[in-house]
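I'll jot down what I look up as I go.

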Amino acid sequence: MQAIQLQWIDYTILIAYVAFVIGIGWALSRYMKTSADFLTSARSIPTWVTGLAFISANLGALELVGMAASGAKYGISTAHFYWVGAIPAMIFLAVFMMPFYYGSKARSVPEYLKMRFDERVRALNSVAFAVMTIFASGISMNALAKLLNQLLGWDYNIALWVCSGVVLLYVLKGGLTSAIYTEVLQFFMIVLGFAPVVYLGLKDVGGWKAMNHSLQAVAVNPAALNLKDAGISYAPDAWTSAWTPVLAGSAHNPMGVDWFAMIFGLGFVLSFGYWCTNFLVVQRAMAAKNMTAARNTPLVAAVPKMFFPFLVIVPGMIAVALTSMPDKNYRIPPPILSEATYAKAVDVVKNARPADSVAAVKAVGDALGKKVAPDKIASLVAANAASKLSDPQIKQGLYNSIAENYYDGVILSLVKKYCPPGLLGLALTALLASFMSGMAGNVTAFNTVFTYDLYQSSRRNWLDKPRPSTITHRDGKTEDVVITPKDPADTHYFWMGKFITVVGILLSIGAAYFASMYDNAMDIIQLVFGFVNAPLFATFLLGMFWKRTTSTGAFYGLFGGIAGSALFHSLTIAHGNLPGVKGGYVHLAREFPSEMAQNFWLAAFAFIVCFTLTLVISLATSRTKSDADLKGLVYSLTPKIVDHNIPFYQKPAVVGIVLLIVCIILNFIFW
Amino acid sequence: MGLDIRWPIGLMFTLIGVLLTVFGFVKKAASTSLDININLVWGILLLVFGVGMLLGAISGRKNPPAA
């Protein structure tokens with residue numbers, strides 16, 4: 001992808017946004033007086049703000065770049081991440097789980113686990129979560145720095161450090177509230193910045209019907225656009241129907257999943273695991289000002305979330321349709337190559353002999369280091385021999401002949417194609433905003449969990465524990481005493497929270513360098529979620545709804561679930577991947593058609609392992625907590641919330657059912 | 001928390017809206033994508049959104065919502 005020139009207006013918009021987020025941090029800093037203000041917003045934020053922040057916290061690299069990439073790779077089926085996954089899980093969180101999170105007064109999800117079970121479960125969850133937030137944050141920043149590097153030609157390192165610095169500045173000033181406020185700002189940036197791109201893209205391909213028509217031709221021969229290996233063919237509706245290709249079986253849809261992996265793996269395990277137990281999103285609802293606001297947070301979030309596929313997945317489908325139309329002069333971007341690589345390949349084309357096209361194709365392919373389309377290289381060499389082409393013309397020819405796709409580049413290539421200066425600045429700023437708030441969201445969740453669940457709890461259980469000691473008096477007499485160190489004042493935790501914020505940002509930068517090794521950020525994140533989150537939902541489900549679940553059962557079940565994920569990953573691999581970081585490094589027991597399928601099955605496996613282990617061990621061990629201890633933490637021991645003081649149309653259960661019906665209707669429309 | 005978030009949202013989108021509208025009006029050729037002066041159209045829309053948020057913030061200051 002060639003770098004683009006930004007004009008003064010684009011820079012003005014970019015700078016205005018950065019100024020506003022730093023300004024918000026500054027304006028909030030005078031309200032930051034205690035660790036609770038900084039880390040939990042002291043439970044004071046209105047519902048619509050927490051609701052938008054709730055979805056926005058998840059709107060980083062994952063959503064924009066990954067969903068457009070998946071939209072191109074898998075078509076409208078990607079919407080299952082929303083219509084089967086997120087929406088039902090968000091409704092479940094609001095109606096059933098939020099009363100326990102909010103009602104228990106826990107400051108974090110691990111703290112809830114400590115109340116329900118014990119310190120071991122909390123420690124395991126908080127360590128796993130801390131690692132995950134750092135990775136998610138790193139992946140986000142890596143995507144951002146790459147974007148700035150590719151698109152604007154900024155140095156990767158400078159982009160990474162400067163953007164992280166901006167995040168540090170506003171999070172350090174305004175804490176969680178700052179992160180939540182900028183998430184809301186960013187929500188509007190994303191929606192208002194990308195809607196025109198989708199509109200222009202759809203207009204260009206000739207509307208929704210025309211786009212679907214092109215995608216039907218693509219589905220029959222996806223190899224023509226290098227979407228799949230040669231010889232693979234799907235039914236015409238593989239990219240345009242959400243359910244028919246999935247129900248037909250894993251060989252009949254580009255995602256390579258069947259209905260069970262989709263509904264159980266993605267819908268039940270991954271999505272409920274993510275939306276109901278991930279502190280990053282749950283933290284937003286916990287910051288709400290009262291119980292009703294907390295329960296309504298995921299419901300408010302569900303409304304825009306339901307329609308997000310049109311904003312984030314449709315661009316990927318537009319890109320595929322455009323690529324299939326020769327007159328549009330567009331292709332899904334190829335992997336990014338340096339100018340030097342292109343220059344080398346241009347020389348090879350100039351020196352190639354058209355008569356020996358096989359050798360020419362091989363030489364060009366070697367120079368680029370990528371798979372190339374032989375016919376395109378042959379005709380490029382022939383065209384250059386017939387009448388000398390200019391270097392940029394040859395480069396363009398090479399660009400078009402690379403037979404590999406870089407899906408993460410889809411969204412950018414469309415922004416570049418359709419946005420004039422001005423709108424370009426808006427769309428780029430929206431992207432930048434989403435990545436930065438991806439980092440801010442993760443860092444604010446990380447610092448809370450670290451400060452309260454790792455640091456404070458280990459102080460209380462270990463460092464500050466009352467301990468027996470012997471004092472020797474001046475006269476030689478000794479006396480046995482118990483020393484009870486004082487819990488440090490709140491200012492101590494306030495400053496610790498700030499210090500950990502800096503550490504979290506530095507670790508994220510490290511994770512960003514690590515993440516720069518992978519090509520599809522989305523698959524990696526899903527994998528990490530599979531390891532950590534999939535088993536966790538089993539622990540919560542049993543813990544919240546079955547009072548017999550014991551702490552020992554929960555701990556070993558969770559541990560077994562995480563170990564089970566790692567084991568599953570080490571034994572399986574997705575088609576086309578080499579054993580190693582993508583799995584299968586111990587033994588190849590099973591090959592899945594795609595990474596997506598591998599992730600869904602991994603999640604399903606981890607869930608079942610955790611669920612079974614927790615159940616069996618709980619039955620074999622005795623309870624350590626009485627019914628009275630578990631009041632407010634377990635469903636059957638908690639008085640039902642009676643919402644008699646609010647009108648029926650505002651009751652979480654009623655709103656939840658209405659949203660579910662709308663979601664089901666969406667599924668049918670795109671069946 | 002003391003700051004009404006509608007202020008920064010309203011101010012920022014009003015600013016960007018004005019920028020895009022003026023840019024679209026002055027530089028018509030540079031602002032056109034697929035035969036639409038998208039900067040002008042979208043700028044006006046952002047301006048309306050931004051002003052709406054500001055009006056919300058102003059009325060919120062007069063009648064603070066019940067906690």
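Before anything else, a cut-off I need: I call a residue exposed when its relative accessible area is over 50%, and buried when it is under 20%. I also note that this is a predicted model.

I looked up helix 15 of chain A, residues 339-351, and found 13 residues reaching 18 Å from first C-alpha to last, close to the 18 Å expected. Which of its residues are buried? I get Thr341(A), Tyr342(A), Ala345(A), Val346(A) and Val349(A). Looking down the axis of helix 15, I see these buried residues fall within an arc of 140°, so they line one face of the helix. On the other side, Ala340(A) and Asn351(A) are exposed. I then checked what the buried residues pack against: helix 16 (357-368), helix 17 (374-386) and helix 18 (391-401) of chain A. I also spotted Lys395(A) lying over the face of Tyr342(A), 5.0 Å from the ring centre.

Entry two, aromatic rings. I count 47 aromatic pairs over all chains. One of them is Phe260(A) with Phe264(A), stacked at 5.2 Å centre to centre with 15° between the planes. The two sit 4 residues apart in helix 11 of chain A, so about one helical turn separates them. Phe260(A) is partly exposed at 32% relative accessibility, while Phe264(A) is buried at 18%.

I found Gly256(A) in the loop between helix 10 (244-247) and helix 11 (259-277) of chain A. Gly256(A) counts as buried because its relative accessibility is 5%. Leaving out residues up to four places away in sequence, I see Gly256(A) touching Ser250(A), Pro593(A), Ser594(A) and Ala597(A).

Methods. Residues numbered from 1 in each chain as written. Chains lettered and ligands numbered in written order. Predicted model: local features only at pLDDT ≥ 70, side-chain atom pairs only at ≥ 80, totals over all residues. Heavy atoms only, no water. Buried < 20%, exposed > 50% of the residue type's maximum accessible area, 1.4 Å probe, protein only. Contact = heavy atoms within 4.5 Å. Expected span 1.5 Å × (residues − 1). Arc of directions from axis to C-beta. Phe/Tyr/Trp six-rings, centres within 6.5 Å; stacked < 30°, edge-to-face > 60°. Lys NZ or Arg CZ within 6 Å of the ring centre and 35° of its normal.
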